[in-house]
Every structure is written in structure tokens, then in C-alpha cells.
Amino acid sequence: MEQYKKEFIEFMVDSEVLKFGEFILKSGRKSPFFMNAGSYVTGTQLMKLGEYYAKAIHAHYGDDFDVLFGPAYKGIPLSVATTIAYANLYGKEIRYCSNRKEEKDHGDAGILLGSKLKDGDRVVIIEDVTTSGKSISETFPILKAQGNVQVIGLMVSLNRMEKGLGGEVSALEEIRKTYGFEANAIVTMQEVTQHLYQKPYKGKIMIDDTLKAAIDAYYEQYGA
């Protein structure tokens, strides 16, 4: 496993973004783990988060794209932080763009924040986590309505590795099949488990045998 992935897993734990226990998800599923990107709240956290996204995007998509699109609302700070990190790490200026929930009709009018999109733009979408793929079904038409843009891929922070809306393959795999572009994550839940299971981190075992059994049982029912 790449070093930045190991560091990112520990960063999620330190930031209390990734938690273990019993959680009821929006889908109604009872999950032994929960990820909430809204817990990244400080300048240092956002700076580091942008760096991890930038490293993962560079590893999967290289430099061959123009715009980083972060769907409202959580995608807005993600796209800003990551474009800053990308310039610092790789010396390339990537434009950031996000959408408004309601179109503005005065001043900086329109549906978009940040950079406008133009024909020929190559776009990477950035999100926190995708469980069902529903958000992409809302985002993709917005992008295509702006002109002849090409979506290169999607990057999320954590691949939960659960069945998507179709109930057979993962949400990220459904996105690949439905829209024809790559969908990747900084880390997968399998990598999280591999890194933390029965290994002390700051004097504590984050995933012990009991929790590992609960995670395994969850994936027997909902895993892709």
C-alpha cells in the first residue's frame, strides 16, 4: 500500500472523520463504520486533505485535465483545497468549479461557482464519498449542459465497497458502466481494515476481532 494511503487512513481517524461502532446510514443500513467529511473543519485539516486528494488524483489521472469540479455543497471546499495543493505539489494550475443549488440571476450569474466550463475542458469530479452513485446522476447533466466537456474521472476519499443503486456491483463500478469514465478513491474500506486490524495506533487497537467480524458480516450482506 502506498505511503500516502496509510497516512490518509490515520488522518481520517485523527480528524474523527472515520469512526467505528454502530451507525444507521441514510440508506437505513446499520453499519459498523461511518465516515463524515464534514468533520474536517480546520485550516490544517483542509490543507492536508487537499494534498491527499491531489496525490490520489495525480496517481490515477496524471496531469491531463483542466478543471476540478466539486458538487455543492461538500465538494466546494474539496475542490478549492485540492486545486491549491495540486499547484503546490505538481506546479500545474488546475481551475476549480462548483455548482450552486439555485441558479443566480445577477452579478456573477449562472449555476456555476469559480471557473466557467468551456468546450474541450477535461474535468475530474471530486466528492467526499459515494455510497449509491445518486449524486453523479445529478452532477453529470450539469456538466454536460455547459458545453462539450469531457469527464475524465471521479475521485472520492473512501470507497465503501457497497452495492450501488442496481444492487449488484459497487457504486463506483456502476458509475464506470453508466457514464463511461473512471471512478476511484484515495483508499478503499478493504485498505482501511488491512491497515488498522489488530495493529495498535497511538496505543489503541482501532479494529479488533469483534469489530472485524462486524465489518465482515456487513459486507456479506451489502458488499459489492
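**A chat about helices and salt bridges**

Guide: Let's start where α3 ends: glycine 91 comes after that helix, and its phi is positive, near 70°. Keep in mind that this is a predicted model.

Visitor: Okay, and which residues of α3 are buried?
Guide: In α3, the buried ones are Gly75, Leu78, Ser79, Ala81, Thr82, Thr83, Ala85 and Tyr86.

Visitor: How far apart are the end C-alpha atoms of α3?
Guide: They are 21 Å apart. Helix α3 covers residues 75-90, and its 16 residues should span 22 Å at 1.5 Å a residue, so the two values agree.

Visitor: Switching topic. At what angle do α1 and α2 pack?
Guide: The angle is about 145°, and the axes are 11 Å apart. Helix α1 is residues 3-14, while helix α2 is residues 43-61.

Visitor: Is that crossing left-handed or right-handed?
Guide: Left-handed, for α1 and α2.

Visitor: And which residues meet there?
Guide: From α1 you have Tyr4, Glu7, Phe8 and Phe11. On the α2 side they meet Gln45, Lys48, Leu49, Tyr52, Lys55, Ala56 and Ala59. That contact of α1 with α2 divides into 7 nonpolar, 1 polar and 3 charged residues.

Visitor: Now the charges. How many salt bridges does the structure hold?
Guide: There are 13 salt bridges. One of them joins the side chains of aspartate 14 and lysine 202, at 3.2 Å from N to O.

Visitor: Where do those two sit in the chain?
Guide: Aspartate 14 is in helix α1, and lysine 202 is in the loop between β9 (200-201) and β10 (204-205). They are 188 residues apart, so this pair links distant parts of the chain.

Visitor: Is lysine 202 buried or exposed?
Guide: Lysine 202 is exposed, because its relative accessible area of 65% is over the 50% cut-off. Aspartate 14, at 40%, is partly exposed.

Visitor: What about aspartate 121, what does it pair with?
Guide: Aspartate 121 forms a salt bridge with lysine 118, and their closest N and O atoms are 3.4 Å apart. Aspartate 121 has a relative accessible area of 2%, which is under 20%, so it counts as buried. Lysine 118 is partly exposed at 48%.

Visitor: How about arginine 160, buried or exposed?
Guide: Arginine 160 is buried, and glutamate 162 is buried too. The two form a salt bridge, with the closest N and O atoms 2.4 Å apart.

Visitor: Which residues do shared partners join into one network?
Guide: Glu2, Lys5 and Glu191 are joined that way, through salt bridges that share partners.

Conventions. Residues are numbered from 1 along each chain as its sequence is written. This is a predicted model: local features need pLDDT of at least 70, side-chain atom pairs count only at pLDDT 80 or more; totals for chains, interfaces and linings use all residues. Side-chain values use heavy atoms; hydrogens and water are left out. Axes are lines fitted to C-alpha atoms, for helices over the stretch in contact, and angles run from 0 to 180 degrees between N-to-C directions. Helices (H or I, at least four residues) and strands (E, at least two) are DSSP runs, numbered from the N terminus. A crossing is left-handed if the near helix is turned anticlockwise from the far one by less than a right angle, and right-handed if clockwise. Contact means heavy atoms within 4.5 Å. Ala, Val, Leu, Ile, Met, Phe, Trp, Tyr, Cys and Pro count as nonpolar, Asp, Glu, Lys and Arg as charged, and the others, Gly among them, as polar. The expected span of a helix is 1.5 Å times one less than its number of residues. Buried means under 20% relative accessible area, exposed over 50%, partly exposed in between (1.4 Å probe, protein chains only). A salt bridge is a side-chain nitrogen of Lys or Arg within 4 Å of a carboxyl oxygen of Asp or Glu.
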